[in-house]
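Q: I have a model open here and would like to talk through it piece by piece. Could you take a look with me?

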Amino acid sequence: MSKNWTRSTREWINRTIPMEHLLPDTMPKYVHSYVYLFGILTLAAFVWLIITGCVLVIFGPDWWHVSPVGHFFNSMHFWSVQAFFFFMVLHLWAQYLMSAWRGGRHFTWIGGWLLFLVSILGAFTGYLSQNNFDSQWIAVQGKDAINSTGLGGFANLLNFGQMYGLHIFLIPLAIFVLIAVHLFLVRKHGVVEPLPLREEEAD
């Protein structure tokens, strides 16, 4: 029987990430440790960040600056950012101390760091998109720094439309793709196991 592209694709998926890895029904005992919760807490904070961000986008800056309900959703969006970075930093430190790049997981580790850096850019454009005095002051100060790098022709921090577009579409899309790739690699290689005890500690 000759092969076609659908069969080849299915066989490649089965070889690359078997279903027992994609949707496992059992997990190693060490996964019950609190250290392994930081990643899923980061993901939960990101979901809440997207939900509150969508509400703010629908009603616009006038609403979140004037309406009490707008203030409430703006605050939830702000604290979602804090939770997102808090759990992400804990997750990064925990994985660093566990040498999470072991066992062919180096791309998972690199992708996590890339996700962290892109998230910082998202937080910065979000700060500039607040459209208040603080954000305008930071934009004026940051403009000179951007110009000194030669990127001033591509990114104008004083352009609210550009910063707002980056914050609500392009950067979240990039974060979403990076998270999807990160989760795919985690499922493919499995969660990293704890470091083995040294002989004197094992005794």
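This is a predicted model: local features need pLDDT of at least 70, side-chain atom pairs count only at pLDDT 80 or more; totals for chains, interfaces and linings use all residues.

Q: Ok, and which helix is V181 found in?
A: V181 is found in helix α8, which spans residues 160-189.

Q: Which residues make the nonpolar surface patch?
A: The patch is made by V57, I168, F169, L170, L173, F176, V177 and V181, and it has an area of about 710 Å². Helix α8 gives the most to this patch, with seven residues.

Q: What does UniProt list under "transmembrane region"?
A: The unreviewed UniProt entry lists residues 34-59, 79-98, 110-128 and 164-186 under that heading. In the model, residues 164-186 are 100% helix and 0% strand, with the end C-alpha atoms 32 Å apart, while residues 79-98 are 95% helix and 0% strand, with the end C-alpha atoms 28 Å apart.

Q: And which residues does the domain annotation cover?
A: According to the unreviewed UniProt entry, the annotation "domain: Cytochrome b/b6 N-terminal region profile" covers residues 9-195. Over residues 9-195 the chain is 74% helix and 0% strand, and the end C-alpha atoms lie 36 Å apart.

Q: Switching to the inside, which residues have the most contacts within the largest nonpolar core?
A: Those are F46, F84, M88, L115 and I175, in a core that has 14 residues. Helices α3 (38-59), α5, α6 and α8 each supply at least two residues of this core.

Q: What does F46 touch, leaving out residues up to four places away in sequence?
A: With those neighbours left out, F46 touches F84, P172, I175, F176 and I179. Of these, F84 and I175 are also named among the residues with the most contacts inside the largest core, whereas F176 is one of the residues that make the surface patch.

Q: Which residues does the second core include?
A: The second core is separate and has six residues, including V31, Y36, A100 and W109.

Q: One last thing, what is the phi of S99?
A: S99 has a positive phi of about 50°, although it is not a glycine. This residue sits in the loop between α5 (68-97) and α6 (106-128).

Q: Is S99 buried or exposed there?
A: S99 counts as buried, because its relative accessibility is 17% and the cut-off for buried is under 20%.

How values were computed
Residues are numbered from 1 along each chain as its sequence is written. Side-chain values use heavy atoms; hydrogens and water are left out. Patches are made of residues with over 30% relative accessible area and no salt bridge: like charges are joined within 9 Å, nonpolar side chains (Val, Leu, Ile, Met, Phe, Trp, Tyr) within 5 Å. Accessible areas come from the Shrake-Rupley method with a 1.4 Å probe; for residues, only the protein chains shown count as cover. A salt bridge is a side-chain nitrogen of Lys or Arg within 4 Å of a carboxyl oxygen of Asp or Glu. Helices (H or I, at least four residues) and strands (E, at least two) are DSSP runs, numbered from the N terminus. UniProt positions are given in the numbering used here, feature names are shortened, and annotations may be inferred rather than shown by experiment. Buried means under 20% relative accessible area, exposed over 50%, partly exposed in between (1.4 Å probe, protein chains only). A nonpolar core is a set of buried Ala, Val, Leu, Ile, Met, Phe, Trp, Tyr and Cys residues joined through side-chain atoms within 4.5 Å. Contact means heavy atoms within 4.5 Å.
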